[in-house]
Amino acid sequence: MLGHFNYWVSIILMMTGFYAVIASTNMVKKLIGLGMFQTAVFLLYISIGKVRGGTAPILIDGVAAGDVSFSNPLTHVLILTAIVVSIATTALGLAIVVRIREAYGCIEEDETIAMDMADERAEDAMPPTIADAKRRLGWLPRSQAASRAPLPAQLPDRKPAASRPLAPRKGPTGRRKSAPRKGKGRP
């Protein structure tokens, strides 16, 4: 059993990382678990590629290739590539977590999902399109299809709401605000 110590360490580290990814709701802890899992895979592949008593696969003049056992260099090369990919994956994951923190104010998966569900429920209560909303407010002319169904304001038992004309906006000086004029020193 101790002869396969590297394999046992790799399996324990892999399961610990897998548990952290599955059980944790904190996104940074999930990334740490993912890093542990990837490190366990690296250790496993490097352990597979190492041969006891093996040397680097360099041929020396005068020594027959059958007399010497070599370690497999392919696994080491693959793991070097995998380490670079692992670093890039972790950096991308951390960048995404930062953006999620800016957007939601938290990095807990449950809270962000709850916020998304609340947003979806609020969107379901809204009119289907912006054009429909503008038609309901009277900002767009009603098409023939939209005029068939009476809007709540068009029902006969309701009285029309009193509307007042909009007054021009005035600034702090009491003068009417207008768009900036082009002139000297202005673009």
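This is a predicted model: local features need pLDDT of at least 70, side-chain atom pairs count only at pLDDT 80 or more; totals for chains, interfaces and linings use all residues.
User: Which pattern does the protein follow, read along the sequence?
Analyst: The protein has six helices and zero strands. Read along the sequence, the pattern is therefore α-α-α-α-α-α.

User: What percentage of the residues in the protein is buried?
Analyst: A residue counts as buried when its relative accessible area is under 20%. The protein has 187 residues, and the share of them that is buried is 14%.

User: Among contacts between residues at least 6 apart in sequence, what share joins residues at least 24 apart?
Analyst: Contact here means heavy atoms within 4.5 Å. Among contacts between residues at least 6 apart in sequence, the share that joins residues at least 24 apart is 41%.

User: Are helices α1 and α2 roughly parallel or antiparallel to each other?
Analyst: Helix α1 covers residues 5–23 and helix α2 covers residues 27–49. Their axes lie 7 Å apart and the packing angle is about 160°. Angles over 145 degrees count as roughly antiparallel, so α1 and α2 are roughly antiparallel.

User: How many residues of the contact of α1 with α2 are charged?
Analyst: The crossing of these two helices, α1 and α2, is left-handed. The residues of their contact include 16 nonpolar and seven polar ones. The number of charged residues in the contact of α1 with α2 is two.

User: How are α2 and α3 oriented to each other?
Analyst: Helix α3 spans residues 73–104, and its axis is 10 Å from that of α2. The two helices pack at an angle of about 180°. With the cut-off at over 145 degrees, α2 is therefore, relative to α3, roughly antiparallel.

User: How many residues of the contact of α2 with α3 are nonpolar?
Analyst: Among the residues making this contact are Leu31, Gln38 and Phe42 of α2 and Ile79, Ser86 and Val97 of α3. The contact of α2 with α3 has eight polar residues and no charged ones. Its nonpolar residues number 13.

User: Is Gln38 buried or exposed?
Analyst: Gln38 is found in helix α2. Leaving aside neighbours within four places in sequence, Gln38 is in contact with Ser86, Thr89 and Thr90. Its relative accessibility is 16%, and the cut-off is under 20%, so Gln38 counts as buried.

User: Which residues does Asn6 touch, not counting those up to four places away in sequence?
Analyst: Asn6 is found in helix α1. At 40% relative accessibility, Asn6 counts as partly exposed. Not counting residues up to four places away in sequence, Asn6 touches Leu43 and Ser47.

User: What distance separates the C-alpha atoms of Asn6 and Ile46?
Analyst: Asn6 and Ile46 are 40 residues apart along the chain. Their C-alpha atoms are separated by 9.4 Å.

Note on methods: Residues are numbered from 1 along each chain as its sequence is written. Side-chain values use heavy atoms; hydrogens and water are left out. Axes are lines fitted to C-alpha atoms, for helices over the stretch in contact, and angles run from 0 to 180 degrees between N-to-C directions. Helices (H or I, at least four residues) and strands (E, at least two) are DSSP runs, numbered from the N terminus. Angles under 35 degrees count as roughly parallel, over 145 as roughly antiparallel, 65 to 115 as roughly perpendicular and the rest as oblique. A crossing is left-handed if the near helix is turned anticlockwise from the far one by less than a right angle, and right-handed if clockwise. Ala, Val, Leu, Ile, Met, Phe, Trp, Tyr, Cys and Pro count as nonpolar, Asp, Glu, Lys and Arg as charged, and the others, Gly among them, as polar. Buried means under 20% relative accessible area, exposed over 50%, partly exposed in between (1.4 Å probe, protein chains only).
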